Amino acid sequence: MAHSGAWRVGDVLAYDAMRDAAAELVGVLLSEPDPGDDVLSAAVAVRRVSLDVDGHDRQAVDAATLQFRGRLDELADHHG
């Protein structure tokens, strides 16, 4: 854990962006017409990762955001 004391404004915005990306990804996953167990498990995993990220660890926040955005891009390429 990388605790640095008080959050900077940029850290708060990064954390919010990570949570937004996770919520968007869960929404896309669950918007499938007939989500199977794999899709539901993936949505739960995304939610769990987003809740487990230490908001004081900017590298972890940024890594999770990249992971979620990458998966969103993959899904968009697959469906678009």
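1. Among contacts in the chain between residues at least 6 apart in sequence, 69% link residues at least 24 apart. The model under review is a predicted one, and the points below describe how its parts meet.

2. Overall architecture. The chain contains 3 helices and 0 strands. Read from the N terminus, its elements follow the order α-α-α. Along the principal axes, the C-alpha atoms fill a box of roughly 45 × 25 × 15 Å.

3. Surface and burial. The accessible surface of the chain is about 5300 Å², and carbon and sulfur atoms account for 55% of that area. Of the 80 residues in the chain, 28% count as buried.

4. The nonpolar core. Which residues of the largest nonpolar core touch the most other members? This core has 16 residues, and the ones in question are Met18, Leu25, Leu29, Val46, Val61 and Phe68. Helix H1 (9-30), helix H2 (37-52) and helix H3 (58-79) each contribute at least two residues to the core. The largest share, 8 residues, is supplied by H1.

5. The pairing of H1 and H2. Two packed helices are described by the angle between their axes and the distance between the axes. For H1 and H2, the axes come within 9 Å and cross at roughly 170°. Because angles over 145 degrees count as roughly antiparallel, H1 is described as roughly antiparallel to H2.

6. Residues at this contact. Sorted by class, the contact of H1 with H2 comprises 13 nonpolar, 1 polar and 2 charged residues.

7. Leucine 25. Leaving aside neighbours within four places in sequence, leucine 25 is in contact with Val46, Phe68, Arg71, Leu72 and Leu75.

8. Valine 46. When residues up to four places away in sequence are not counted, valine 46 touches Ala22, Leu25, Val26, Leu29 and Phe68. How many residues apart in sequence are leucine 25 and valine 46? They are separated by 21 residues in sequence, while their C-alpha atoms lie 7.7 Å apart in space.

Methods. Residues are numbered from 1 along each chain as its sequence is written. This is a predicted model: local features need pLDDT of at least 70, side-chain atom pairs count only at pLDDT 80 or more; totals for chains, interfaces and linings use all residues. Side-chain values use heavy atoms; hydrogens and water are left out. A nonpolar core is a set of buried Ala, Val, Leu, Ile, Met, Phe, Trp, Tyr and Cys residues joined through side-chain atoms within 4.5 Å. Buried means under 20% relative accessible area, exposed over 50%, partly exposed in between (1.4 Å probe, protein chains only). Helices (H or I, at least four residues) and strands (E, at least two) are DSSP runs, numbered from the N terminus. Contact means heavy atoms within 4.5 Å. Axes are lines fitted to C-alpha atoms, for helices over the stretch in contact, and angles run from 0 to 180 degrees between N-to-C directions. Angles under 35 degrees count as roughly parallel, over 145 as roughly antiparallel, 65 to 115 as roughly perpendicular and the rest as oblique. Ala, Val, Leu, Ile, Met, Phe, Trp, Tyr, Cys and Pro count as nonpolar, Asp, Glu, Lys and Arg as charged, and the others, Gly among them, as polar. Accessible areas come from the Shrake-Rupley method with a 1.4 Å probe; for residues, only the protein chains shown count as cover.
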